Amino acid sequence: VLNKTIAVLPGDGIGPEVCREAVRVLEAVGEKFGHHFTFETHLMGACAIDATGEPLPTETLEACFEADAILLGAIGDPKYDNNPAAKVRPEQGLLKLRKSLGLFANVRPVTAYDVLLPHSPLKNDRIAGADMLFFRELTGGIYFGEKGRDENTAFDNCTYSRYEIARIAHLAFQAAQNRRKKLTLVDKANVLETSRLWREVVQEISLEYADVAVDYLFVDNAAMQLILNPRQFDVVLTENMFGDILSDEASVIAGSLGMLPSASVGERVALFEPIHGSYPQAKGKNIANPIAAILSAAMMLEHFELYQEAELMKQAVQEALDKKILTPDLAASGVAYGTEQVGTFIAYCVLDGAVDVALPHK
Ligand code: IPM
Ligand code: MN
């Protein structure tokens, strides 16, 4: 029996709705296994700017440092996206949180679920069986380099140190050892000095992991290979921005961006968040897919070493997919369920194993 305090940062747009369902499912896990999860909600993102003027209030950051884990919904608002001159932006909150907590590795699994194959616009025989794990560097590179602009020019500096590359490379190699023993480094070493350092460091480190086969791909080629032949990938290691871009692309393999969870780990408390954004058009409409948030919560349980609990949660998600309890992003022909119904169904499955509740359609 465990006691865990979880800082919940629902954020903006659909963030609160998907977080609510992830919390519902975690509560079901707690009830089933006798764990005590305490949830503490805090402001981050555009909602925090509205309330306090800052995207990451000190109070939120302090609560995150104290928590056993962090669950995050999504942040972002069109009023900032469409205003390039805005000085304070919701994304600054997320970046500062990642940096302050030293969350240098963002782990993003991508799976082609059999039952969702027809939902992918990609040819099913290309993507069936695809199963990969991205290791995206999260606290360095162009996101965090010196920036500047004047009237006519702007720059974003991209810097990486040996240390920053080595620490995530070790995690990625260790993950590969526990999977199909293949690691692909994605870079742009034919052009970028930082990429040449990545390649050098990864080549050196690979000697310590002789059982892992290493492959090197340029990012432009990787973007193509990802949809041409996704089964070739096992662990994909890459820098911050390439990982951001390629993981959104890879979500097409899973059938929906609303399916992809992530874990950000590093020096202290870990953070769990869906890879999707705040989807402002869907806010409050009960149509957002909560599965990415729920699977992020399952990754949190794995982080707590609650493997049985995490497995049950993943089975419950599979049950929802099998029974076609799906939000509109995945529902084929008109019959869609709401965010809350999908979450409730998954929570029931966690509590009772398989359930035969006939939920009303949305
Ligand atoms: C992500 C998001 C963020 C990123 C944004 C919201 C800053 O796109 O987590 O993938 O670029 O890292
Ligand atoms: Mn992204």
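# Helix and sheet packing

Me: Which strands does α8 lie across?
Reply: Helix α8 lies across β8 (182-187) and β9, and its direction is at about 165° to β8. Helices (H or I, at least four residues) and strands (E, at least two) are DSSP runs, numbered from the N terminus. Axes are fitted to C-alpha atoms, for helices over the stretch in contact, and angles of 0 to 180 degrees are taken between N-to-C directions. Contact requires C-beta atoms, placed from the backbone, within 7 Å.

Me: What sort of model is this?
Reply: It is a predicted model, in which local features need pLDDT of at least 70 and side-chain atom pairs count only at pLDDT 80 or more, whereas totals for chains, interfaces and linings use all residues. Residues are numbered from 1 along each chain as its sequence is written, while chains are lettered from A and ligands numbered from 1 in the order in which they are written.

Me: What is the strand order in the open sheet?
Reply: The open sheet has 10 strands with mixed pairing, in the order β2-β1-β3-β12-β11-β4-β5-β10-β8-β9. Its edge strands are β2 (36-41) and β9 (213-218), each of which pairs on one side only. From one strand to the next, the twist averages 25°. Pairing requires at least two DSSP bridges between the strands.

Me: And in which sense do β1 and β3 pair, parallel or antiparallel?
Reply: Strand β1 (residues 3-11) pairs with strand β3 (residues 69-74) in the parallel sense, over five bridges. The bridge partner of I6 in β3 is A69.

Me: Which helix lies across β3?
Reply: Helix α11 (residues 291-303) lies across β3, together with β11 (263-265) and β12 (270-272). It runs at about 170° to β3.

Me: How do α11 and α12 cross?
Reply: The axes of α11 and helix α12 (residues 307-322) come within 7 Å and cross at roughly 165°. The pair is therefore roughly antiparallel (under 35 degrees is roughly parallel, over 145 roughly antiparallel, 65 to 115 roughly perpendicular and the rest oblique). The crossing of α11 and α12 is left-handed (the near helix is turned anticlockwise from the far one by less than a right angle; clockwise is right-handed).

Me: Which residues meet there, in α11 and α12?
Reply: From α11, I291, I294, L295, A298, L301 and E302 meet Y307, E309, A310, M313, K314 and V317 in α12. These residues divide into nine nonpolar, no polar and three charged (Ala, Val, Leu, Ile, Met, Phe, Trp, Tyr, Cys and Pro are nonpolar, Asp, Glu, Lys and Arg charged, and the others, Gly among them, polar).

Me: Back to α8, please. At what angle does it cross α7?
Reply: Helix α7 (residues 162-177) and helix α8 (residues 193-206) cross at roughly 50°, with axes that come within 9 Å. For that reason α7 is oblique to α8. The crossing of α7 and α8 is right-handed.

Me: What is the make-up of the α7 and α8 contact?
Reply: In α7, R162, I165, A166, A169, H170 and F173 meet L197, W198, V201, V202 and I205 in α8. The residues of this contact comprise nine nonpolar, one polar and one charged.

Me: What about α9 and α10, parallel or antiparallel?
Reply: The axes of helix α9 (residues 219-228) and helix α10 (residues 240-254) cross at roughly 15° and come within 9 Å. The two helices α9 and α10 are therefore roughly parallel to each other, and their crossing is right-handed.

Me: Lastly, which residues surround ligand 1?
Reply: G76, E91, L94, D244 and I275 surround ligand 1 (C-beta atom, placed from the backbone, within 6 Å). This shell divides into two nonpolar, one polar and two charged residues.

Methods: Contact = placed C-beta atoms within 7 Å.
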